[in-house]
Amino acid sequence: MFYTYFTRYFFLPFLLFFICTVAFNLQAQQLNSANEHLHIETTPDWVIKRQPILAETIPVDEISNGVFFQLVDKQIKVDKNGYRTSYSRFIETVVNQTGVEDSSQINLEFDPSYQKLTLNSLTVIRDGKPLDRLSDAQMSVFSRETNLDKQIYNGRLTLNILLDNIQEGDTLDYSYTLHGSNPVYKKLFSFAHNLNWTVPVYQQNIRVLWGQSSPLNITSRNISPPIVTTEVGEFTEYQINLQNEKSINVPSQIPDWYSPYGRIYINQANNWQEVVAWALPMYQFGSPHPTITAVAKQIKQSFSSQAEQIAAALKYVQDKVRYVGLEMGDNSHLPTPPEETLALKYGDCKDKVSLLIAILQALNIEAYPALVDSDNTKLLAELPPSVNVFDHVIVWLNFAGQQFWLDPTLSNQKGDLTNLYQPDYGYALILKQGTKQLTPMQKDESHTKRWVSEKYLLPKHVDSPVIFTVNTKYNGYEAIKELWRLEEDGKKKIAQEYEVYYQRTFASLTTLDAMTVETDDVSGELTINESYSIANFWKMGDKHWEADFYPNEVRDTIFKPKQSQRNGPLTFTYPNNIRKTVEIVFEEDGWDFKSKEFTEENEFFSYSSNVAFDNNTLTINYYYEAKKDHIPQDKIDDYMEARSRVRKDAYYGIIKYVDSAKTNSTDANENGDDDNFSLDWLIIVGVGYVLGLLFIIVDWQIESRKRPIFTESHFYPIAPWKFILLSIISFGIYDAYWMYRNWHAIKAKTDESILPFWRGFFSIFWVYPLFLRLKQDSEETYQSNKVVVTWLAVIIAITYLVFNLLSNVTDNTTVSMLYLLAPFLLLPFVLYINQRNQQTPAALIFNTKWRIRHYLAILMFAPLMFFTLASETPLLPSDAVVTQSHLWERDLKFFYRQKLIPANEKIIYFYSDALWDIKKDGNGFTENRVFSYWQDEDGSLQKEMASFSDIENIDVEFAQSELDNTVVTITRKDESDFMLFIANVDKGDRLFVDELKKRWKAQQP
């Protein structure tokens, strides 16, 4: 009692008050933070305020994101003390709804540790009138770390400006100023800016007010802009003004270092020696700290040679110090003291480099930092000396007459010093006294390679499983990449991916033994062993069995470009050294193969192959080595011709001929008889149905001529159960016949000028008129309406009409089954007619009698009825596209056993063209992959699968009629393909294709 009282009246109100107080304080802190960093000031006096001249014509077809840039204005002022102020102004016109969304929000980034952001203007020009939006725009400042997934924290803040009531046709004009620059650059000025873009820009202005005595160095790439130099008081002014500079169309698949854009570089540094003088002091920490000396001592005790000590020191920093980049302010370039990094056990590239150099120093090994650019790489040699062009730092050392490049940020790096993988960033600036230029990072690329050895053990009998083993050795960066994958995804998932990869070639492949992984600490080699069993290895040809072997590793690497007509180079994987060996061991004697060799040498790659046969073993070797990291745009045709020659050679097929007795048996059972039997069976059934229908029609005509005339009968009486059964079993045809017979009886009595046949044919429109005749008869006979009340008759007539129309106009089978309920609507009429004929039952007895044609109709139509109903349940494959919920659990287990899909993935859409069992064929897709399967002529299951990331293209040929299927062709990136066949019932093929393409596109890079 006390506990309840205390909780209700004291604890809960206090808790609520506490939560509200904390929330209020947090909100207040956020508002204070926003106010602290949000400054609104007028445009600085030194800025040239340009009167905007808007373009008369907007090139709508060339712009993206719905925005046309009218003006990009960059103005920078550096005073005599090196203090930097940067002014930016943008004028952009909204041309469509996408632009409305894009321009309704402005994000401005700055580093609060050394920069102050002031917002100068915010105007919307609508119908030629400027509207000041500084007062009503919603503004907030927040932290938006964009590289958290890379363990990088830069501490930058974002000023978010949210505008309402932005409309199509508005022009947004805003400007802001950044005060201050990163102190790490020691006021050494550097500025670079693109002058060409992928979208058109009407006006561009670059202006630098330089307040120091030494002149600036101005260079450019891919463009030669006019530069106007003027003395303005104590400043030198540099101006670049451009109008309608052409936009750049950048092709796909270009190398990272390639840039077709025009770019201007304005730098204070005169040479690389000055950049070294700026950066070198940051990496000088004096004598190693005792904690570092202790690490070096431990390494020295464990390894005797200096080569081993270098490798051990590198791996210590790689493995013991995790990567975290705290790059706020001058920490973007200034490394943490080595002893602090050692204590923290984390750091970024510069911290790890400083620690490694300190450990090597304690080992009496001289090493130096080396600045590199991981994006521009070899383009760095074409750029002017600058302090802000580098984004990474590694270690350089000269040992035993050989230079080594060591990257302590790498992980999973194995091997001794001579076998150690060394990164290649094109060029590096070694931070060492006397360095005057960049150093090319030339190294031996042979350490990065992949050797794949496949072995097939082929038994004597074609129906016996084939043992398939794979041994893959990775060296250099290939080993590092594969170890990264194993750590990130896990060994089990990688093993499943390998299995799925081989099932593209051998659909019935299953894992025999678990995948094993081995590493060699001396050579740095990673070895992965796989073992599989392949049932139905052989494919049946024309009186022979055949098997094909492809070096997919080579075929995949010489890929087909997405754009063959290009205005830029094509990226090419380099280094890329592949050796593929295929061993086929035959248990059966009598095989023989000719030796064969092939060589392809060109300026892009080297390729060779050889075939040898000895001791019942066929050995095929493939060798491939890339020579460069790109294909020049004017050499694409040469590359494609070389690629075509290689792909023709990079394949080997074998054929196994069977003896004549077995050949005849196989031909009889699997190459025609089954198909002929199926065709004969269909023909027999079709002929049977035609003959049956003819018999029913003839028998009905004969009876019609001999049918007695029942003068005392009224309308067309028949037993209700016979009426219902025949109506349902005949898919509603008997309804129309019953309607025809009633109007025929009415005409016989009244001699009216009506057409009973057409009233029966269009029976859905004559239900209510028939009711009126029955009602009239009832009122004349019984002086009251004994049929059904009028309002209910109206409902019956309308419902009967709707049911029949829906069943005829829709492709939805479930809706179309409404006709099964239609005859029940007519039961009140049937019952009244029978009541009317109770006194003279001769006609009712005659019409209710079962005849041969009735039994024959049931025999013919009952299977069709059963099949129609069963196809709407999981008992039989649906004739339309379905979701997973329509499938039986046993069907899903079949997919899992056949490894068509993993058990943790859900089927989005599925279709089977099979008549009785979906195990015969089917195709569908999940969130991650598409699959297709079918039974071959010999009854074996053939499978095709592809993950969306492996698909190059999806082509669709939609069905032209209800009898056709839509054909979907899936083309993989290795140019292999397979097809899906989808029924167009209920437009399910459109839905299937739309959802398939949406998921495929979502997983494209």
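**Questions on a predicted model**

Analyst: Aspartate 348 is buried, and lysine 350 is buried too. The model is predicted, so local features need pLDDT of at least 70 and side-chain atom pairs count only at pLDDT 80 or more, while totals for chains, interfaces and linings use all residues. Residues are numbered from 1 along each chain as its sequence is written, and side-chain values use heavy atoms, with hydrogens and water left out.

User: What makes aspartate 348 and lysine 350 a salt bridge?

Analyst: Their closest N and O atoms are 2.3 Å apart. A salt bridge is a side-chain nitrogen of Lys or Arg within 4 Å of a carboxyl oxygen of Asp or Glu, so the pair qualifies.

User: Happy with that. Why is threonine 472 called buried?

Analyst: Its relative accessible area is 4%. Buried means under 20%, exposed over 50% and partly exposed in between (1.4 Å probe, protein chains only), so threonine 472 falls in the buried class. Threonine 472 sits in strand β26 (residues 466–475); strands (E, at least two residues) and helices (H or I, at least four) are DSSP runs, numbered from the N terminus. Leaving aside neighbours within four places in sequence, threonine 472 is in contact (heavy atoms within 4.5 Å) with Arg450, Trp451, Val452, Leu526, Thr527, Ile528 and Glu530.

User: How do you know whether arginine 221 is buried or exposed? And glutamate 382?

Analyst: Arginine 221 has 13% relative accessibility and counts as buried, whereas glutamate 382 has 54% and counts as exposed. The two form a salt bridge, with the closest N and O atoms 3.5 Å apart. Arginine 221 belongs to strand β13 (residues 217–221) and glutamate 382 to the loop between β20 and β21, so the pair ties together parts that are 161 residues apart in sequence.

User: Which class do lysine 635 and glutamate 603 fall in?

Analyst: Lysine 635, at 26% relative accessibility, counts as partly exposed. Glutamate 603, at 36%, is partly exposed as well. Their salt bridge has its closest N and O atoms 3.4 Å apart. Because lysine 635 lies in the loop between β36 (630–631) and α11 (636–649), and glutamate 603 in the loop between β33 and β34, this pair ties together parts that are 32 residues apart in sequence.

User: How do you know that β33 and β34 pair?

Analyst: Two strands pair if DSSP finds at least two bridges between them. Strand β33 (residues 596–601) and strand β34 (residues 605–614) are joined by six bridges and run antiparallel. They make a hairpin with three residues between them. Glutamate 601 has serine 606 in β34 as its bridge partner.

User: In the open sheet with β22 and β24, what makes these two strands edges?

Analyst: The five strands come in the order β22-β21-β20-β23-β24, with antiparallel pairing. β22 and β24 (439–440) each have a single partner strand, so one side of each is left without a neighbour in the sheet.

User: What makes Leu755, Phe757, Trp758, Phe761, Phe762 and Phe765 a patch?

Analyst: A patch is made of residues with over 30% relative accessible area and no salt bridge; like charges are joined within 9 Å, and nonpolar side chains (Val, Leu, Ile, Met, Phe, Trp, Tyr) within 5 Å. These six form a nonpolar one on the surface, with about 690 Å² of accessible area together, computed by the Shrake-Rupley method with a 1.4 Å probe, where only the protein chains shown count as cover for residues. One of them, phenylalanine 765, sits in the loop between α16 (756–761) and α17 (767–782).
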